[in-house]
Amino acid sequence: MDLKNKRVLVVGLGKSGVSAALYLRRLGARVTVSDTRAGEALAKEIPALLDAGVMVETGGHGVLTFRRQDLIVVSPGVPLSTPEIQQVMAFGMPLIGEVELAFQGLLGKVIAITGSNGKTTTTSLVGHILAHAGLERKVGGNIGLPVVELVEGSTEKTWSVLEVSSFQLETIDTFRPHIAAVLNITPDHLDRHGSFENYAASKARITENQTSGDFLVLNAEDKSTQMVAAKTKAQIYWFSGVRRVKQGAFVHGDGVYFLAKEGGTPEPVMPVSEIPLPGAHNVENVLAAIAMARLAGVSAEVVREAVGSFTAVEHRLQFVRQVRGVAYYNDSKATNVDATAKALASFASGVRVILGGKDKGSDYTLLVPLLKERTVAVYTIGAAASIIASQIGEDVVLTPAGTLAEAVRLASLTAKAGETVLLAPACASFDQFTSYEHRGRVFVELVEALRGD
């Protein structure tokens with residue numbers, strides 16, 4: 001795509017928006033950025049943009065700003081329902097997202113991973129396996145670096161391993177991963193998508209441009225994910241932690257196997273006991289990663305070595321420390337109900353869980369059985385505390401803490417040796433923190449500050 005001297009508007013100055021604007025300038029485009037936040041809130045981002053020759057509009061979107069463009073690039077944090085975006089879409093103006101923009105410049109092959117939960121762990125693990133195999137690879141997307149920052153230096157031998165969200169998939173056009181995976185689809189971001197059907201449809205877009213020469217890895221135990229199979233032209237590979245699949249990765253007895261072709265002989269990969277990550281959901285994540293790595297040509301022996309040397313992703317069931325016999329775990333990335341359920345299911349009992357943050361239209365009643373079975377205390381924090389209380393307060397005893405610091409304090413005062421304090425909020429972080437990473441770092445700092453005597 002030749003963008004030299006073209007007028008391009010980038011909407012939203014999040015991390016990917018800033019990277020997209022600077023990337024477009026390097027391509028020779030005449031770039032404007034627009035954000036509804038005030039200039040003071042963007043003080044860190046604006047100088048670099050101005051130095052690069054980018055025009056900056058803050059404090060709202062100007063209607064004329066949108067009409068004077070050859071292309072509009074929308075950041076994933078900006079809803080397509082934004083009135084100005086709706087208007088230009090009605091006019092038929094070209095509109096894409098940062099993932100699509102980057103894809104048109106990426107060299108090599110793309111592995112793209114989406115799902116309601118497990119994306120970050122699985123993406124990190126696939127990148128780890130490819131690196132262990134000595135393959136040229138870059139990792140980014142909804143994790144780490146924006147995709148446009150992977151373009152420079154990519155070659156025909158590069159594997160770009162991308163975590164992609166439903167927000168990013170809303171604005172693709174030609175995006176076509178050679179290997180795609182949909183790990184699971186459970187209710188999330190309903191405040192943005194409006195319905196579960198819309199949310200699931202956005203996830204399914206990951207495969208819409210794939211051909212018979214591409215691969216799609218799907219969860220054989222997730223009904224919504226299974227339905228994606230009807231929407232693809234790619235070769236389907238399944239993964240399952242409970243039964244043999246036609247082709248793909250699965251658990252049988254005490255071992256993990258990969259079946260390269262329907263009707264073939266399963267290939268042993270590794271014992272289940274060597275998977276270093278806790279929880280049945282992480283077994284599924286590992287199975288998906290194994291399938292993708294084998295499809296990328298990595299041998300079963302190398303896969304086994306790589307998986308065995310993998311450590312937990314930060315903010316995803318991350319063990320922080322033990323204080324007076326109490327274990328503290330940071331699962332700040334559990335930003336929806338299903339992720340929190342998986343975290344709770346990783347512990348047999350004795351859990352003191354911290355819930356709350358910014359609500360996303362979730363149904364917290366789904367947590368009640370696990371909360372009754374596995375927890376000894378539930379602390380609520382943030383803007384969603386009252387919503388959580390209204391939904392489950394009659395079934396579960398809640399302790400309103402208000403802030404994360406107070407929740408950690410209360411838990412540390414009453415927790416007994418052998419119990420677990422778990423941050424698994426089931427909510428977004430944007431009421432009290434800038435990101436789930438920020439929330440997780442604060443939790444770790446609070447735990448590290450606890451006295452051990």
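1. The UniProt record, an unreviewed entry, places "domain: Mur ligase C-terminal" at residues 315-427. UniProt positions follow the numbering used here, feature names are shortened, and annotations may be inferred rather than shown by experiment. Helices (H or I, at least four residues) and strands (E, at least two) are DSSP runs, numbered from the N terminus.

2. Basis of the model. This is a predicted model: local features need pLDDT of at least 70, side-chain atom pairs count only at pLDDT 80 or more, and totals for chains, interfaces and linings use all residues. Residues are numbered from 1 along each chain as its sequence is written, and side-chain values use heavy atoms, with hydrogens and water left out.

3. Domain layout. The protein chain is divided into domain 1 (7-93), domain 2 (100-309) and domain 3 (318-449). These bounds come from an automatic or database domain assignment. Between the C-alpha centres of domain 1 and domain 3 there are 36 Å.

4. Helices α16 and α17. Helix α16 covers residues 404-414 and helix α17 covers residues 436-448. They pack at an angle of about 35°, and their axes are 10 Å apart. Axes are lines fitted to C-alpha atoms, for helices over the stretch in contact, and angles run from 0 to 180 degrees between N-to-C directions. The crossing is right-handed. A crossing is right-handed if the near helix is turned clockwise from the far one by less than a right angle, and left-handed if anticlockwise. From α16, Leu 404, Ala 405 and Val 408 make the contact. From α17 come Arg 439, Val 442, Phe 443 and Leu 446. Contact means heavy atoms within 4.5 Å. Six of the contact residues are nonpolar, none is polar and one is charged. Here Ala, Val, Leu, Ile, Met, Phe, Trp, Tyr, Cys and Pro count as nonpolar, Asp, Glu, Lys and Arg as charged, and the others, Gly among them, as polar.

5. The five-stranded sheet. The strand order is β3-β2-β1-β4-β5, in an open sheet with parallel pairing. Two strands pair if DSSP finds at least two bridges between them. β3 (55-57) and β5 (95-97) stand at the edges with a single partner strand each, so one side of each has no neighbour in the sheet. Neighbouring strands are turned by 25° against each other on average, direction ignored. β1 (residues 7-11) and β2 (residues 30-34) pair in the parallel sense over five bridges. Val 11 has Ser 34 of β2 as its bridge partner.

6. Helices on that sheet. Helix α1 (residues 15-26) packs on the sheet and touches β1, β2 and β4 (71-74). The direction of α1 makes about 165° with that of β2. Helix α4 (residues 83-90) lies across β1, β4 and β5, and runs at about 125° to β5.

7. The central annotation. UniProt, again in an unreviewed entry, gives "domain: Mur ligase central" for residues 113-293. This span is 27% helix and 23% strand, with its end C-alpha atoms 12 Å apart.

8. The nine-stranded sheet. Its order is β7-β8-β6-β9-β10-β11-β12-β13-β14; the sheet is open and the pairing mixed. The edge strands are β7 (137-141) and β14 (267-271), each with a single partner strand, so one side of each is left without a neighbour in the sheet. On average, neighbouring strands are turned by 20° against each other, direction ignored. β10 (residues 215-219) runs parallel to β11 (residues 235-240), joined by five bridges. Phe 215 is bridged to Gln 235 in β11. Three bridges join β11 to β12 (residues 248-252), also running parallel. Phe 239 has Ala 249 of β12 as its bridge partner. Helix α6 (residues 119-132) lies across β6 (109-114), β7 and β8 (159-163), at about 165° to β8.

9. Helices α11 and α12. The axes of α11 (residues 280-295) and α12 (residues 300-308) come within 10 Å and cross at roughly 140°. This crossing is right-handed. Val 286, Ile 290, Ala 293 and Arg 294 of α11 meet Ala 300, Val 303 and Val 307 of α12. The contact has six nonpolar residues, no polar one and one charged.
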